[in-house]
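Here are my notes for a colleague opening this model for the first time. Please keep the viewer at hand while reading the points.

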Amino acid sequence: MSKRTALRLGTRRSRLAMAQSGLVADAVSRVTGRPVELVEITTYGDTSREHLAQIGGTGVFVAALREALHRGEVDLAVHSLKDLPTTQPDELVLAAVPEREDPRDVLVARDALKFTDLPRGARIGTGSPRRMAQLNAYARGHGLDIATVAIRGNVDTRIGYVRDGELDAVVLAAAGLSRLGRIDEVTDFLSVDTILPAPGQGALAIECAADNADLIAVLGELDDPFTRAAVTAERSLLAALEAGCSAPVGALADLSPRSAPLERGDPHADGQIVKEMRLRAVVGTTDGTRAVQMSTTGPVPDTDDQAKTLGRELAAEMLAQGAAGLMGERAH
C-alpha cells in the first residue's frame with residue numbers, strides 16, 4: 001500500500017479519547033511515514049447513562065471499536081488499556097502498548113483542598129467501585145469522615161460537580177488530565193500507597209487485525225517493553241480473580257522499592273540494573289470495611305508468560321485469603 005494512503009485510526013468521540021488518539025496518531029505517522037486520520041466511533045458506554053457495573057463494565061467502551069476493526073472500517077484502534085477486557089480475541093492483536101503515563105489517581109477538590117484536609121462529611125464523587133472501596137478504607141483507617149457518591153460523565157461533567165458546589169471533590173486518573181492538558185487542576189496526587197490504580201491505568205493499547213503482519217511489525221516500534229510487562233501482570237491478576245473491569249480491584253506492577261529512584265525508562269541509570277518487579281493488588285468492599293491487600297516481587301519479566309505467571313500467582317494467594325467474597329458478583 002502506498003505511503004500516501006492514510007491509515008484509519010478508530011477512536012471514541014470523547015474529548016479525552018480524541019486527545020490520546022491524536023497523540024498515538026502522531027506517533028504512528030512518525031513510524032509508518034503515512035498520514036493517519038481519526039475515525040470517530042460512538043460506543044454504547046458513551047451513550048448510556050447507566051452506571052458501568054450495570055451495563056457490563058468498561059468493556060462497553062471497546063466493543064464498537066473492535067467491530068469497526070472486524071469490518072475493516074478502520075486499520076487500528078486506540079483504547080485506554082484499563083477499559084480492555086482481559087480476554088483477547090484471536091482475530092485481533094495488541095500491537096503496541098506505548099510508555100505509560102502517571103498511573104495514579106488524583107483529587108480535584110474545592111478550595112484547592114488535599115484529601116486529608118477535606119471537611120467532615122465531605123462528598124467525593126467517583127464512578128469507580130475500586131476508588132470507593134479504597135477511599136472509604138483509607139478514611140476508616142485514618143479517622144476521616146467522607147461520603148463517596150457514584151457519578152458518571154466526562155471530565156468536564158465530573159469537575160463541574162465540584163465547581164457547582166454539588167460535591168466537595170472528585171477522583172480522576174492523572175493520565176487523563178495530563179493528556180487533556182489539565183493537570184494543573186489537580187489539588188492532590190493520591191499516592192499508590194493510599195489508592196492502587198486500576199489494572200492498566202495510565203497505559204494505552206493500540207489494537208489491529210491479527211492478520212495485518214506489516215502493520216503489526218511497524219506498530220511494534222511504539223511498544224514499551226516494561227509497560228507491557230507491567231500491565232500484562234496486572235491484567236493477568238484481574239483475569240485470574242475472574243473479575244471484570246468495573247470490579248473493586250486495584251493493581252500496580254512497578255520497579256521494586258530499592259530500584260524506584262532509577263529512571264523508569266533507563267534500566268541502567270546510575271550504573272545499576274533493575275532486576276525486580278513488584279506487583280501490588282487490593283480487593284475490597286465498596287464501604288471500606290473489608291479488604292485483601294497483598295504484594296509479590298519477582299524478576300522483571302522477559303516474556304508475556306512470565307508476566308502472566310506473576311499476576312496469576314498473586315491472584316491465587318488473594319483468593320486463598322478470601323478475595324472472591326469481596327468482589328460482589330464475579331465476572332466470567
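1. Start with the largest nonpolar core, which has 27 residues. Leu237, Leu241, Val249, Val283 and Met318 touch the most other members. A nonpolar core here is a set of buried Ala, Val, Leu, Ile, Met, Phe, Trp, Tyr and Cys residues joined through side-chain atoms within 4.5 Å. Buried means under 20% relative accessible area, exposed over 50%, and partly exposed in between, with a 1.4 Å probe and protein chains only. The elements giving two or more residues to this core are α9, β11 (249-255), β12 (276-284) and α10. Helix α9 supplies the largest share, six residues. Elements are DSSP runs numbered from the N terminus: helices (H or I) have at least four residues, strands (E) at least two.

2. A word on the basis. This is a predicted model, in which local features need pLDDT of at least 70 and side-chain atom pairs count only at pLDDT 80 or more, while totals for chains, interfaces and linings use all residues. Residues are numbered from 1 along each chain as its sequence is written, and side-chain values use heavy atoms, leaving out hydrogens and water.

3. Look at Val249 next. Which residues does Val249 touch, not counting residues up to four places away in sequence? They are Arg130, Pro197, Ala198, Pro199, Leu237, Leu238, Leu241, Ala243, Val282, Val283 and Met327. Contact means heavy atoms within 4.5 Å. Another core, of 18 residues, lies apart from the largest one. Val24, Val28, Leu76 and Ala96 are among its members.

4. Now the helix pair. The axes of α9 (residues 225-240) and α10 (residues 304-320) come within 7 Å and cross at roughly 40°. Axes are lines fitted to C-alpha atoms, for helices over the stretch in contact, and angles run from 0 to 180 degrees between N-to-C directions. The crossing is right-handed: the near helix is turned clockwise from the far one by less than a right angle. On the α9 side, the contact includes Leu237 and Ala240. On the α10 side, Leu314 and Met318 are among the residues met. By class, this contact has 10 nonpolar, three polar and four charged residues. Ala, Val, Leu, Ile, Met, Phe, Trp, Tyr, Cys and Pro count as nonpolar, Asp, Glu, Lys and Arg as charged, and the others, Gly among them, as polar.

5. Arg228 deserves a look. This residue is found in helix α9. Is Arg228 buried or exposed? Arg228 counts as buried because its relative accessibility is 16%. Its contacts, leaving aside residues up to four places away in sequence, are Leu94, Ala95, Ala96, Val97, Asp223 and Asp304.

6. Move to the open sheet. Its five strands follow the order β7-β6-β8-β5-β9, with mixed pairing. Two strands pair if DSSP finds at least two bridges between them. Strands β7 (146-150) and β9 stand at the edges with a single partner strand each, so one side of each lacks a neighbour in the sheet. On average, neighbouring strands are turned by 30° against each other, direction ignored.

7. Inside that sheet, β6 (residues 122-126) and β8 (residues 169-173) run parallel, joined by two bridges. Gly125 has Val170 as its bridge partner in β8. Helix α5 (residues 129-141) packs on the sheet, touching β5 (105-109), β6, β7 and β8. The direction of α5 makes about 175° with that of β7. Helix α6 (residues 155-163) also packs on the sheet, touching β5 and β8, and its direction makes about 155° with that of β8.

8. Check the loop between β5 and β6. Asp111 lies there, with phi near 55°, a positive value in a residue other than glycine. Asp111 is exposed, with a relative accessible area of 60%. Ala112 is in this loop too and has a positive phi of about 60°. At 58% relative accessibility, Ala112 is exposed.

9. Last, Val186. This residue sits in the loop between α7 (174-179) and β9 (188-190). Val186 counts as buried because its relative accessibility is 13%. Beyond residues up to four places away in sequence, Val186 touches Val106, Leu107, Val108 and Leu177.
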